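Please find below a short note on the model under review.

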Amino acid sequence: MAEERVHLRKKFKFLKDQVSASTLEAVKGMGFKIMTDIQAEVLPAALDGLDVVATAKTGSGKTLAFLIPAVETVVKCLEKQIQGTVCIIISPTRELAIQTYSVLQELVAHHGNITSALVIGGESRKKQSAELSTGVHIVVSTPGRLFDHMRTKEFDYRNVCCLVLDEADKIFQYGFEEDLKQIINRLPKHRQTMLFSATQSERTDALVKSAMKEKVHNINTDED
Ligand code: ADP
Ligand code: MG
């Protein structure tokens, strides 16, 4: 029996023990005080390092639900002197990747020491390769181009401990299944994986089984 969901209305500042002051400052700068339902449900678990599957309709605020944990992963890695690329975000389209990258820039603006790169098709491979070779902390990408770079020596992804699949349903619809499989096969097994989607399907379920830990935190804010 489905539990009745309550409207959470939790403030971002309730996360202050889990999220750095610079990140909270940036969220405040965006004008957001109250988390959306998906953010309130995903953030505590994701910040705890759990694998998360989140389903919520378009416009529910999923971007910050994964970008905040991604940035905090970098903060923790830097504290532990872990260098290089630690987080990869995969989007189904260039447009979406650009949009996500732009929110990420706002979110890291107060950090000063967090680096990122946008790795999408249609842009210079050479420039992307040069950026990746510096060991940028967060990579926002589309599957095809990301996989291309994974087959070069310039991109060192051995320290990746956080993988985000945004709009996972669309990644399949656009035919990136094989690229995604190859990418996931090459990534370190010991990592956090977060899968976001507007809809669930057999293919996303299969991906959860094959690419995520046995114990996943499953959140669906569309169920009432
Ligand atoms: P989704 O990925 O679920 O489609 P987005 O992350 O793109 O949703 O967010 C949709 C819109 O809601 C964006 O314009 C974003 O800036 C805004 N938004 C995100 N979080 C909040 C919040 N906590 N309060 C108010 N607006 C928010
Ligand atoms: Mg989205």
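The points below describe this predicted model.

1. Sheet order. The model contains an open sheet built from seven strands, arranged as β3-β4-β2-β5-β6-β1-β7, and their pairing is parallel. The edge positions are held by β3 (116-119) and β7 (216-220); each has a single partner strand, so one side of each remains without a neighbour in the sheet. On average, and with direction ignored, neighbouring strands of this sheet are turned by 10° against each other.

2. The β2-β4 pair. Four bridges join strand β2 (residues 87-90) to strand β4 (residues 138-141) in the parallel sense. Within this part of the sheet, Cys-87 is placed opposite Ile-138 of β4.

3. Helix α4. Residues 94-108 form helix α4, which lies across β2, β3 and β4. The angle between α4 and β4 is about 155°. Two of the strands it crosses, β2 and β4, are the pair described in point 2.

4. Ligand shell. Which residues are the closest to ligand 1? Of the 13 residues that surround this ligand, the closest are Phe-32, Ser-60, Gly-61, Lys-62 and Thr-63. Helix α3 (residues 62-79) supplies the largest share of the shell, namely three residues.

5. Shell composition. By class, the residues around ligand 1 comprise seven polar, five nonpolar and one charged.

Note on methods
Residues are numbered from 1 along each chain as its sequence is written. Chains are lettered from A and ligands numbered from 1 in the order in which they are written. This is a predicted model: local features need pLDDT of at least 70, side-chain atom pairs count only at pLDDT 80 or more; totals for chains, interfaces and linings use all residues. A residue is near a molecule or strand if its C-beta atom, placed from the backbone, lies within 6 Å of it. Ala, Val, Leu, Ile, Met, Phe, Trp, Tyr, Cys and Pro count as nonpolar, Asp, Glu, Lys and Arg as charged, and the others, Gly among them, as polar. Two strands pair if DSSP finds at least two bridges between them. Axes are lines fitted to C-alpha atoms, for helices over the stretch in contact, and angles run from 0 to 180 degrees between N-to-C directions. Two residues are in contact if their C-beta atoms, placed from the backbone, lie within 7 Å.
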